[in-house]
Amino acid sequence: MRAYKSDGYKLAIAIIILLTLTALMGSTNVMAKEQATSYSEPLLLSDNALTYIVNEHMDVLPDSNREWSLTDIQTTELQSKFQPANGKSAFGYAASSYWIRLKVENQSTSEQWEISLINPLMDKIQVFAPSIQGSTPYTDLKRQYPTYAINLPPGQAATLYIHCETWGSMIIPLRIAEQSTTYESVSIESLLYGLYYGMILLIIVYMFSIYITFRNPSYLYYILYIFCFSLAQFVWNGLARPIFQSGFLTEHMERSLMLSGPANTYDFFFIMSVGFGFLAIRKILVPQNYFPLMDFFCRWMIIICAVMVVGVFFFYSFGIAPYLIWFKMLINFMVPVVIIGCAWKGNSLAKYLSIAILPLLIIGGPSILLSFGLLPDNVLTHFGMQFGSATEFLIMSLVLYEHVSRLQKSQAKAQNDVVVRLENWNEALQKTVEDQTVSLKVTNNELIAAQQSRTRLLQNISHDIRSPLNYVQGGIQALMQKIVKQPEQQAKILGNVYDKVIDVNRFIDDFLQLSRQQGLQERQALQSVVFHEYMTAVFEELAIEIEYMGLHCDVIVETANLEARIVIDPRLLQRAIANLVSNACKFTPRGGTITLKAALGQKIGIIMVQDTGQGIAQEHLDHIFRRHYKAGEAQGSGLGLDIAKGIVERSGGEIWVESELEVGSRFYFTVPLAED
């Protein structure tokens, strides 16, 4: 919980810093005062250009109290208060009413011109030309943007006064164009809008089909998010102007308790879309399972969006618009924070959504700065939100399509698994009787074979123990009856008796080890040991025994990685090596050499026991590890190599032998190295 609080504090500090910097930039921009001059340079209309951006030539006068009329602003006192715009088109929230003064001189051969305000969110606009038609305003042509036809004969000059009112951000990009050129630009924009809203409609239909299929409310919330955002863009693009101009909602700019103009209608649908967006994010990403702090933010943002929607609907004209823009910046900041936070905590779907949200932030961000007046009005700032949203919707649809495809594949796989499982069960049931019958037969045969093996084993035990015990008995009897009196002969007899006792003891150990393997009575006590250290210790211990038997011993431990480890039962593996050494010593004449070597291979350790004995014929090599198998006239129980093979295989390794007659034999086995 402390971690979540700490993260929350850091996030809150980051938000405060971001908003403070933006406020400072916005306030500096909005409150900056230009040095007053009487007039900007007049706009000269010529035949060389058919379209003009007039912001370089206009003067502006804020009317914060909305109290001046056309007659008032023509007085000498107010005329001196006009300031040059110097190309600026966005004035933020400094005032809700502005007067624009523009001097135009027509030096072209055309007298039909149109002046347009490329901002459909302007709640009220009036255009006057006192020198042409007195105090009567021009009539709006009711197009996508506020557009007015001006008849200005060639060679004539006129001063235009434009009055703009809005409770939203004051954005005044003005354009004067020869009348014939405006139709071409309108048709191109209509085509682009048709493509944009056609794509939105297809996405909504597709998402609705997904909702019908899965009945997941997250897809319904996402549909409502797209729908409300599209309505906001519908207002932003001016396509809703006929509704506002019809008088259905409002006829004049008054303080209404309902949606009274395009500015607050745009903000109403925009904030509503964000609320549905947070609902969709919370349902799709399920942040409470990954990052509870992000779930906390989501819930609060949903509540705040609901409150702000009510405020915009009823109280927009009471001056909440400047504060609303801060909330819009906050929600544009919180959406990626929530998504990236869930992705950081391991939500795989959030990683893809992080990619989808970036275009909206990067491309749509300038539109937010335009509202503050921090950026000029241009294609990127005016249509950035649309470009960004279109990219986001497209990527998001592809991500959700992939998500749905995975769900469908998982469902299909689950169904196939059920079918396959039922078929397997059916086949298993059909084979049960046959398997049980075969199993009983096999078990019966194994019992017979075990009984036979046990009988042979007892016979071998009787033979293998009786022979050395007879020798021990005879030797002790000779010593007791003092048949042998010479000390050298007595020492020799005692040595041979000792060797026979060792043989009997080793045979009993082999027999016990074999019984444990057969009965699975012995569990491996696995340990992780360092390969180099373990093999060195085992080899050094066996080398002492080898040299005691009158043989030479060479110990070689080659390991490039001194830290390599193996997971084994140290006692059992040492027993396997000891059996191989015992077998090698048995067939090596005195003075011969036993070589003990260990090395590292590819993910395995390799151990070799080599002797210089008589070797093993090729026909015996395939059977050398069989129980009780003895090559030629070999002595012993025939259990040692079988036991060694069992221990190696239980350790996960392999064992094999190479031999040459009159040269010697080499026994190899492997053990797997432990993973890092």
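Predicted model: local features only at pLDDT ≥ 70, side-chain atom pairs only at ≥ 80, totals over all residues.

Student: Let us begin with S97. In which element is S97 found, and is S97 buried or exposed?

Tutor: One first locates the residue in its element and then consults its relative accessibility. S97 belongs to strand β5, which spans residues 97-106. Its relative accessibility is 0%, and because buried means under 20%, S97 counts as buried.

Student: With which side chain does the side chain of S97 make a polar contact?

Tutor: The partner is the side chain of H163, at 2.9 Å. If residues up to four places away in sequence are left aside, S97 touches H163 together with its sequence neighbours C164 and E165, as well as M170. Also touched by S97 are L61, P62, D63, S64 and R66.

Student: How should I read a pair of helices, and at what angle do the axes of α14 and α15 cross?

Tutor: One considers the axes, then the handedness, then the residues that make the contact. Helix α14 (residues 531-548) and helix α15 (residues 570-586) have axes that come within 11 Å and cross at roughly 35 degrees. The crossing of α14 past α15 is right-handed. On the α14 side the contact is formed by Y534, M535, V538, F539, E541, L542 and I546; α15 contributes P570, L573, Q574, I577, A578, V581 and C585. By class, the residues of this contact comprise twelve nonpolar, one polar and one charged.

Student: Turning to strands, which residues of β16 lie on its covered face?

Tutor: A strand may be read face by face, and then by its pairing. In β16 (residues 655-660), the covered face holds I655, V657 and S659, whereas W656, E658 and E660 form the uncovered one. Strand β16 runs antiparallel to β17 (residues 664-672), and six bridges join the two. S659, on the covered face, has S665 of β17 as its bridge partner.

Student: What is the phi of E662 in the hairpin of β16 and β17?

Tutor: E662 takes a positive phi near 65 degrees, in a hairpin with three residues between the strands.

Definitions and conventions:
Residues numbered from 1 in each chain as written. Heavy atoms only, no water. Helix = DSSP H or I, 4+ residues; strand = E, 2+ residues; numbered from the N terminus. Buried < 20%, exposed > 50% of the residue type's maximum accessible area, 1.4 Å probe, protein only. Polar contact = N/O pair within 3.5 Å; in protein donor to acceptor, adjacent residues only side chain to side chain. Contact = heavy atoms within 4.5 Å. Axes fitted to C-alpha atoms, helices over the stretch in contact; angles between N-to-C directions. Left-handed = near helix turned anticlockwise from the far one by under 90°. Nonpolar A, V, L, I, M, F, W, Y, C, P; charged D, E, K, R; others polar. Pairing = 2+ DSSP bridges.
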